[in-house]
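Open the model in your viewer and keep the selection tool at hand. The stops below say what to pick next and what is there.

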Amino acid sequence: MKPLRSAWTLALCLAPCLAACAMELAGGDFDGSATEGGWDTGDSNGIGTTDGTSAGEPPPPETEDDGDFRVPRASGKYVYSASESTDSVAVIDTANLVIDVVEVGQGPTVVEPIPGQPGDAGSVVVLDQGSNDVAVLRTSEAGATTVEIHKVTPGANNLAVSPGGNFVFVYHDVDGPEQQGPGSDQELSVLDLAAGVTHRMTVGAHPRDVVFAPDESAAWVITAAGVNVISFAALGDVGKPPLLPVVKDPGVDPARVEVQIVAAERLALARVDGEPWLAITQLPGGELTVLDLPGVPTDLDVAPAGDFAVLTLPGPGGSAVLEVPLPLGPGMFAQHDVPGEYVGLASVAADGDTMLLYTTVNPFDDGGGQPDPRQRITLARRDGDAWDLVTLFVEVPLVSVGLAPDSRSAILVHDLDPAASAAAWSYSLFDLTPAFPLLKRQSTLAPPGPILFTPEGDRAVVLLRDDLADVRKVDLVNLDNFIVKPLLLGSPPEGAGYVDPTQKVFVSQAHPTGRITFIGPDGDVQTVTGYVLNDSVKD
């Protein structure tokens, strides 16, 4: 199954890519009107061709990028950075850059914040992969840190913490960096933080995500075999939590299945590459409904509020977007056509009233003279029951997009420009608010790496790294005016994060004794280095 994409994440890790620039504008009303030359309704499994015939094949699958969970994390006013080589975690007070290094288990890797801490106090859980345990760190506002160690499932490589900070899931993520060693990836541990008790259980094959109910009454583990339902009220009695299928045919290759959990509605939505339907499973009851679709979707997105889902149905003469109300309404779904565009992916903004429609594939790459659909992006904005759309041309094909939390801007990442002699990589800043949207292209000397938006949506950072070309810097982006300020780094950047109490962005770097650069809201820059040894702070 494809990994669930979390709507709330600030850090958006985007793959290497290149440039885009607004060159021409097309569009009209995204109002669900019939589109000539779109899907061949006589063959919902095929793509309609421009001459009205069917290619007889489903649209090619799209590609989407996932973030790196092995970067330092922030909790309260502190940043916690694990050192796998020294079996320790550096606790950095971002208000004054005082550093405390605390010992944990062997080989600490993944760090996850524990929500619900008082004031500016911080707390995290750290996975010690070398000793098969987790360390729970709690840091007071005064800077004192305590450590508790709990044994967990061997072979785990990821953590998931409940939104209230009461439970920690320790499991082997099939999408993680390590292959499963001897044993089974179906064993996981659930740590009850209040009781200090660890429960071990067996779930479906190849877990890849954990989603929590908003009231913390239950958790759902997405696996290759379906969704395991875990009730926290019966946590001590659960050894093999119920496994619910998300498609009717258990023989479907899990690599073809995309699953989205709608926590607020207690639903699992599933689509299968090449199939013209959507499966909806009730959680925990298991009732499964199959919704027949007018074509084959290549993407499934859920609005951040969980009130609707979006499916994209691409076609060479025009595409369609299906808006599915949640819970399912009388009409089941509304179809909105995208005339003349091939769009296979949708990204829904936090406000639920803005979408970006695009594609990462070129199904016409056969010398037939069709334009590359990756060189166009469609901005859809809600207009009553319909959507208004504007399509813009970009010079270099799209690879991925990221939407700011305030729904007012986006960053587009593009492929390498083979025609460019210098600065062959780039990204574009996209203003989503004007009637005629603005795209600003920013050329770079290295492929854009992780991108982070601040929660207010006023700032972003783009990490740039090319070790062979000795490029190590970060672009500081002012999203109010789209001015980009480059910042050279002493070491290659690895990840980025945000500290809410001090409003500082931090950039972690590859350095033998640890290095993090902190960027304040006014652009002031401070770097700590050698914090693994707790030896220095330098500006």
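**Aromatic pairs**

This is a predicted model. Start with the rings: the structure holds seven aromatic pairs. Select Phe167 and Phe232. Their rings are stacked, 3.9 Å from centre to centre, with 0° between the planes. Now trace the chain from one partner to the other. Phe167 sits in strand β12 (residues 167–171). Phe232 sits in the loop between β17 and β18 (243–244). The two are 65 residues apart, and the pair links distant parts of the chain.

Next, select Tyr342 and Phe364. What kind of pair do they form? Their ring centres are 5.8 Å apart and their planes stand at 80°, so this pair is edge-to-face. Tyr342 belongs to the loop between β26 (334–339) and β27 (345–348). Phe364 belongs to the loop between β28 (354–358) and β29 (376–383). The pair therefore ties together parts that lie 22 residues apart in sequence. Tyr342 is buried, with 4% relative accessibility. Phe364 is buried too, at 14%.

One more ring: show Phe308 with Arg382. Arg382 lies over the face of Phe308, 5.2 Å from the ring centre.

**The nonpolar cores**

In soluble globular proteins, nonpolar side chains tend to be buried together. Here, the largest nonpolar core has 21 residues. Select Trp220, Val227, Val246, Val259, Ile261, Ala270 and Leu283, the members that touch the most others in this core. Then colour the strands β16 (218–223), β17 (226–231), β19 (257–262), β20 (267–272) and β21 (277–282). Each of them supplies at least two residues of the core.

Centre the view on Trp220. What is Trp220 in contact with, leaving aside its neighbours within four places in sequence? The list includes the run Asp209, Val210, Val211, Phe212 and Ala213. Val227, Asn228 and Val229 are also among the contacts, as are Ile261, Ala263, Arg266 and Leu283.

**β29 and β30**

Show β29 beside strand β30 (residues 386–393). The two strands pair in the antiparallel sense over eight bridges. Look across from Leu379: Val390 in β30 stands opposite. Now follow the turn of this hairpin. Two residues lie between the strands, and Gly384 in the turn has a positive phi of about 65°. How enclosed is β30? Six of its eight residues are buried, so the rest of the structure largely encloses β30.

Move on to strand β32 (residues 409–414). Six of its six residues are buried, so β32 is largely enclosed by the rest of the structure. Which residues lie on each side? Ser409, Ile411 and Val413 are on one side, with Ala410, Leu412 and His414 on the other. All are buried, and both faces of β32 are covered.

Strand β31 (residues 398–403) pairs with β32 in the antiparallel sense over five bridges. Within that pairing, Leu403 has Ala410 as its bridge partner. β31 and β32 form a hairpin with five residues between the strands, where Ser407 takes a positive phi near 65°. Strand β33 (residues 425–431) also pairs with β32, antiparallel and over five bridges. There, Val413 stands opposite Tyr427 in β33.

**Leu463**

Select Leu463, in strand β36 (residues 459–466). Leu463 is buried, with a relative accessible area of 2%. Beyond its neighbours within four places in sequence, Leu463 is in contact with residues including Pro447, Pro448, Lys473, Val474, Pro493 and Val507.

**Zoom out**

Finish with the whole protein chain. It has zero helices and 43 strands. Of its 539 residues, 55% count as buried. Take the contacts between residues at least 6 apart in sequence: 48% of them join residues at least 24 apart.

Key:
Residues are numbered from 1 along each chain as its sequence is written. This is a predicted model: local features need pLDDT of at least 70, side-chain atom pairs count only at pLDDT 80 or more; totals for chains, interfaces and linings use all residues. Side-chain values use heavy atoms; hydrogens and water are left out. A nonpolar core is a set of buried Ala, Val, Leu, Ile, Met, Phe, Trp, Tyr and Cys residues joined through side-chain atoms within 4.5 Å. Buried means under 20% relative accessible area, exposed over 50%, partly exposed in between (1.4 Å probe, protein chains only). Helices (H or I, at least four residues) and strands (E, at least two) are DSSP runs, numbered from the N terminus. Contact means heavy atoms within 4.5 Å. Rings of Phe, Tyr and Trp (its six-membered ring) pair if their centres lie within 6.5 Å; planes under 30 degrees apart count as stacked, over 60 as edge-to-face and the rest as tilted. A charge sits over a ring if NZ of Lys or CZ of Arg is within 6 Å of the ring centre and within 35 degrees of the ring normal. Two strands pair if DSSP finds at least two bridges between them.
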